[in-house]
Amino acid sequence: MARLFLCLHLMSLTAICIGYEVYQAKLPNGGTTPNPCKKGTLWVGLGHMTPMGGGNRNKFATDFHDVYGEVWNVALCNADSDGDGLTNGMELGDPNCTWVEGNPAPGNPSTISHPGICEPTDTKECTERNQGFDLEGCEVYEATTPHDHDHDHIHIGDVSTDSQNGSTNLHFSFLVFTSFALLLIVAVV
Ligand SMILES: [Ca+2]
C-alpha cells in the first residue's frame, strides 16, 4: 500500500512538473525566472504564490491563462501584471515583444525578474500588491516601526507611572492628616 501511495505521489509531482514545463515553454525565460527573495535560486512555479509552485495563481498567471489566452502576445508582453512599473516583457527579457514560442531565450539572464512579484518588495505599495506570496527572505514594508511602538509604550508608561505615584502620595498625605487629627481630638478630650 505504501508503494502505491509513493507511486501516486511521484506521478502527481511528475504531472505538475510537466505542466509547468509546458507553460514555461510558452514564455520567454519562463523556466529561469529568479526568486527575488533568495539570490541565485529560481521561482520554479512562475505562476504561483510560492517558489516551488502549487496553490493559488498569482496575477501574472491569471493574466496569462484567463486574459490573454495562454499565449505570449504583445498585449501580455506590454502588460504590467505585478504593477511595479516594468512590463512583463521587460521583466522576462523581451522588452520589444518580439519573442515567439520556440525561439531561444531572449535578453540578458542577469536582468530577468519575476513578472508576478512587485519589486522592490520593501515598499508600501509592493507589500500591499504582494499579499499572499511566500516571500521568505525578502524585506517587506511594515506600517509602524518597532521604534515608534517602543516610544509610544514608554510615553504611555511614564504617564501611568506618574499618575500612580501622584495617587499614592495623595493617599499617604490623607492618612497622615487624619491620624494627626485623631490624635489631636484624643488629646483634647
Ligand atoms: Ca512588472
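## Starting at Glu70

Glu70 counts as partly exposed because 13 other C-beta atoms sit within 10 Å of its own; the label covers residues between buried (20 or more other C-beta atoms within 10 Å) and exposed (12 or fewer), with C-beta atoms placed from the backbone. Glu70 is in the loop between H2 and H3, and its phi is positive, about 60°, even though Glu70 is not a glycine.

A quick word on ground rules: this is a predicted model, where local features need pLDDT of at least 70, side-chain atom pairs count only at pLDDT 80 or more, and totals for chains, interfaces and linings use all residues. Residue numbers run from 1 along each chain as its sequence is written.

## The overall layout

Helices here are DSSP runs of H or I with at least four residues, strands are E runs of at least two, and both are numbered from the N terminus.

Of the 189 residues in the protein chain, 24% are buried. Take the contacts with a separation of 6 or more: 42% of them link residues 24 or more positions apart. A contact means two C-beta atoms, placed from the backbone, within 7 Å.

## Phe64 and the cores

Back to a neighbour of Glu70. Phe64 is found in helix H2 and is buried, with 27 other C-beta atoms within 10 Å. Leaving out residues up to four places away in sequence, Phe64 touches Gly47, Glu70 and Leu76. Tyr23 is 41 residues from Phe64 along the chain, yet their C-alpha atoms are 9.5 Å apart.

Phe64 also belongs to the largest nonpolar core, a group of 10 residues that includes Leu27, Trp72, Leu76 and Trp99. Helix H2 (59-67) and helix H3 (74-78) each put at least two residues into this core. There is a second, separate core of 6 residues, with Met49, Ile117, Cys126 and Leu135 among them. A nonpolar core is a set of buried Ala, Val, Leu, Ile, Met, Phe, Trp, Tyr and Cys residues joined through C-beta atoms within 7 Å.

Cys97 lies in the loop between H4 and H5. Cys97 has a positive phi of about 60° and is not a glycine. With 18 C-beta neighbours inside 10 Å, Cys97 comes out as partly exposed.

Pro120 is in the loop between helix H4 (88-91) and helix H5 (124-129). The peptide bond joining Glu119 and Pro120 is cis, with omega about 0°.
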